[in-house]
Amino acid sequence: MIRGVIFDLDGVLVSTDEMHFKAWKMLAEELGIDKFTKEDNKKQKGVSRMESLEVVLSKGSKIYTAAEKEELAERKNNYYKDLLTELDESAILPGVVECLKMLREKGILIGIGSVSKNAPLILTKTGLMEYVDKVSCGLDITKSKPDPEVFEVAANKLELKYEECLVVEDSFAGIVAGRAAHMKTLGVGSEHEQLRADYEATGLDADIAWEKILEE
Ligand code: B16
Ligand code: MG
């Protein structure tokens, strides 16, 4: 029986995954890497800022020190935050608000499980915070997905057993993390068929068998 649903943020509730891509692309071009593509960007989904930086740097040949990498990651985050200044409710993906309202009406607790350190800012700026009971984000954890920590922290904050939670994710790393936390998983997004989740859907606006999923 599911009593809480823990949503990933980027690519599940909001379209900020596009802004991450733009910001990394800007950095890549400054570093002389002009072949950073959407395909490369897929490897960054759900993983930490520093791991995402390694994906960019692997496309070039230059070696950077740890201090230089810190500076590069901060530079990207500043580009990303500049893009976030424009963020409002228009970034909420289709069907999200209706889905969150429906789940709350059923008494289901809503958690966020995002490795982004910008998650609280994004939830506030889009107005989604009002539908959320507890947030577990990059500020709460030491290991990013596919480690289960971010979802375990969310369940602990919701005061639920891991088995009582469903994880909704758009990344393979996130589905692996959800499974590792002994939670059921729902994979969403254009890549949903490749995520190997327990349940799948194109997005939260799709026809999802919630009654069945919540009862299992
Ligand atoms: P930040 P999620 C993740 O968020 C993104 O998918 C990933 O691409 C990003 O590197 C990570 O957050 C860290 O984000 O730089 O803002 O701390 O999908 O777990 O909601
Ligand atoms: Mg995501």
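Reader: How do you know where Glu169 is placed?
Author: In this predicted model, Glu169 is in strand S4, residues 165–169. Helices (H or I, at least four residues) and strands (E, at least two) are DSSP runs, numbered from the N terminus. Residues are numbered from 1 along each chain as its sequence is written, and chains are lettered from A and ligands numbered from 1 in the order in which they are written. As the model is predicted, local features need pLDDT of at least 70 and side-chain atom pairs count only at pLDDT 80 or more, while totals for chains, interfaces and linings use all residues.

Reader: What makes Glu169 buried or exposed?
Author: A residue is buried if 20 or more other C-beta atoms, placed from the backbone, lie within 10 Å of its own, exposed if 12 or fewer, and partly exposed in between. Glu169 has 29 other C-beta atoms within 10 Å and is therefore buried.

Reader: Which residues does Glu169 touch, leaving aside those up to four places away in sequence?
Author: Contact requires that the C-beta atoms of two residues, placed from the backbone, lie within 7 Å. Beyond four places in sequence, the contacts of Glu169 include Asp8, Val12 and Thr185.

Reader: Why is Asp170 called buried?
Author: Asp170 has 24 other C-beta atoms within 10 Å, so the label buried applies. Asp170 is in the loop between S4 and helix H8 (172–180), and among the residues it touches are Asp8, Val12 and Lys45.

Reader: What does UniProt list for "binding site" together with Glu169 and Asp170?
Author: The unreviewed entry lists Asp8 and Asp10 with them. These residues are spread over 163 residues of sequence but cluster in space, with a largest C-alpha distance of 9.0 Å. UniProt annotations may be inferred rather than shown by experiment.

Reader: Why does Ser114 count as buried?
Author: Ser114 has 32 C-beta neighbours inside 10 Å and so counts as buried. Ser114 is found in the loop between strand S2 (109–113) and helix H6 (119–126). A "binding site" annotation in the unreviewed UniProt entry covers Ser114, and Ser52 is also included.

Reader: What makes Ser52 buried or exposed?
Author: Ser52, found in helix H3 (residues 49–57), is buried because 23 other C-beta atoms lie within 10 Å. Ser52 touches Trp24, Gln44 and Val47, not counting residues up to four places away in sequence.

Reader: How confident is the predictor in the protein chain?
Author: The mean pLDDT, the predictor's confidence in each residue from 0 to 100, is 96 for the protein chain, and 100% of its residues reach 70 or more.
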